[in-house]
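This report describes one protein chain for a reader who has not seen it before. Please look over the sequence and the structure first.

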Amino acid sequence: RPVMIDAIRSDCEKAMHALSQDGLIIVVVGVSRETGLVTSGPELISRGFVYVRENEELISGARNVAMNVLQRYDRIEQSDWTSVKNGIKDEIHNYLFDLIKRNPMILPIIMET
């Protein structure tokens, strides 16, 4: 058992180190339960990554990347959520790394409205 606890502790320490180095971007999207259509967002919240007011173009570009992922779906069902979240995470990661060589933690959140 101690090995498992040490492994979890190690994973948490790695995540905290990554957060302290490159920050966090939360991507929030509202999706209608009835229609599967996007009702709000994507909104990006940056913590410890970049100061948003000084980097509006970068954040706007990342928002557009997320929007492009969402537009691939005619409607977003709950069964699509994992795929949508992974697409947003992967494509924003690639976009940011290509531009500024940083790897923030990207946390997509889908809320039913």
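Across which strands does helix 3 lie? Helix 3 lies across strand 1 and strand 3, and runs at about 145 degrees to strand 3. Helices (H or I, at least four residues) and strands (E, at least two) are DSSP runs, numbered from the N terminus. Axes are lines fitted to C-alpha atoms, for helices over the stretch in contact, and angles run from 0 to 180 degrees between N-to-C directions.

The model is predicted: local features need pLDDT of at least 70, side-chain atom pairs count only at pLDDT 80 or more, and totals for chains, interfaces and linings use all residues. Residues are numbered from 1 along each chain as its sequence is written, and side-chain values use heavy atoms, with hydrogens and water left out.

An open sheet of three strands has the order 2-1-3, with mixed pairing. Two strands pair if DSSP finds at least two bridges between them. Strand 2 and strand 3 are the edge strands, each pairing on one side only. On average, neighbouring strands of this sheet are turned by 15 degrees against each other, direction ignored. Helix 2 packs on the sheet, where it touches strand 1 and strand 2, and its direction makes about 145 degrees with that of strand 2.

| Pair | Sense | Bridges |
|---|---|---|
| Strand 1 and strand 2 | antiparallel | seven bridges |
| Strand 1 and strand 3 | parallel | eight bridges |

V31 stands opposite V38 in strand 2. The hairpin of strand 1 and strand 2 has six residues between the strands, and G36 there takes a positive phi near 75 degrees.

Is strand 1 enclosed or open? Eight of the eight residues of strand 1 are buried, so the strand is largely enclosed by the rest of the structure. Buried means under 20% relative accessible area, exposed over 50%, and partly exposed in between (1.4 Å probe, protein chains only). Both faces of the strand are covered, with L24, I26, V28 and G30 buried on one side and I25, V27, V29 and V31 on the other.

Strand 2, residues 38-47, contains S46, which counts as buried because its relative accessibility is 9%. The C-alpha atoms of S46 and I25 are separated by 4.6 Å, although the two residues are 21 residues apart along the chain. P42 also has its place in strand 2. A cis peptide bond joins G41 and P42, with omega about 5 degrees.

**Helix 3**

The buried residues of helix 3 are W81, V84, G87, I88, I92 and L96. Seen down the helix axis, they fall within an arc of 140 degrees, so they line one face of the helix. This arc is that of the directions from the helix axis to the C-beta atoms. An α-helix has 3.6 residues a turn, so residues three or four places apart point the same way. On the other side of helix 3, T82 and D98 are exposed.

The buried residues of helix 3 pack against strand 1 (24-31), helix 2 (56-70) and strand 3 (105-112). Contact means heavy atoms within 4.5 Å.

K101 follows helix 3 and is found in the loop between helix 3 and strand 3. Its phi is near 55 degrees, a positive value in a residue other than glycine. K101 counts as exposed because its relative accessibility is 54%.

**The nonpolar core**

A nonpolar core is a set of buried Ala, Val, Leu, Ile, Met, Phe, Trp, Tyr and Cys residues joined through side-chain atoms within 4.5 Å. Which members of the largest core touch the most other members? Of its 21 residues, these are V27, I88 and I92. Strand 1, helix 2, helix 3 and strand 3 each supply at least two residues of this core. Helix 2 gives the largest share, seven residues.

Leaving aside neighbours within four places in sequence, I92 is in contact with V27, A62, V65, A66 and I106.
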